[in-house]
Amino acid sequence: MNKTGETDVLLDEIALLGMRFYGYHGAYEGERQLGQRFIVSLWLSIDLRRAGEADDLGLTVNYADVYAAVQTIVEGEPKRLLEALAERIAQTVLCEFPLIRSIVVEVEKPGAPIPGVLDTVRVRIHRKAPSD
């Protein structure tokens, strides 16, 4: 146990990288009307030991289900900020998949309407699952 009374457990990780969607998010009206491409990557902290030992999908998180949840959000209700989009993804995934202990969400917006030479804009947030 550590100083806070929690057991120190090393968690494993599932990564879903480079998920591409078309959405209507942005601070400017034109972005919300025309839409654009968004790239989302997730890092999910989870204990995979039981799933690995049993070779049982029921003991882990189904990647296709996580992808579908993210797709629904990114292709759904427009947000003005990438930060809000990332927050919505994090909260939804943590709520819908209780085996996940923490998540890193990265949302990228290639070709953001910013004058000058800029390849992409990216927001990355880190969130923990609520304690029971």
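## Helix α4

Helices are DSSP runs of H or I with at least four residues, and strands are runs of E with at least two, numbered from the N terminus. The expected span of a helix is 1.5 Å times one less than its number of residues. Helix α4 has 15 residues. From first C-alpha to last, α4 reaches 21 Å, close to the 21 Å expected at 1.5 Å a residue.

This is a predicted model: local features need pLDDT of at least 70, side-chain atom pairs count only at pLDDT 80 or more, and totals for chains, interfaces and linings use all residues. Residues are numbered from 1 along each chain as its sequence is written, and side-chain values use heavy atoms, with hydrogens and water left out.

## Buried face of α4

Buried means under 20% relative accessible area, with a 1.4 Å probe and protein chains only. In α4, the buried residues are Leu-82, Leu-85, Ala-86, Ile-89, Ala-90, Thr-92, Val-93 and Leu-94. They pack against β2 (36–46), α3 (63–74), β3 (102–110) and β4.

## Second largest pocket

A pocket is an open set of points on a 1 Å grid over the protein atoms alone, where a 1.4 Å probe fits, with protein on both sides within 12 Å along at least five of seven lines; lining residues have an atom within 4 Å of a point. The second largest pocket is lined by 16 residues. Ala-27, Glu-31, Arg-80, Leu-82 and Lys-109 lie nearest its centre. α4 (82–96) and β4 (120–128) each supply at least two lining residues.

## Glu-31

Glu-31 sits in helix α1 (residues 29–34). Glu-31 is buried, at 8% relative accessible area. Beyond its neighbours within four places in sequence, Glu-31 is in contact (heavy atoms within 4.5 Å) with residues including Tyr-24, Lys-109 and Pro-113.

Notes. Buried < 20%, exposed > 50% of the residue type's maximum accessible area, 1.4 Å probe, protein only.
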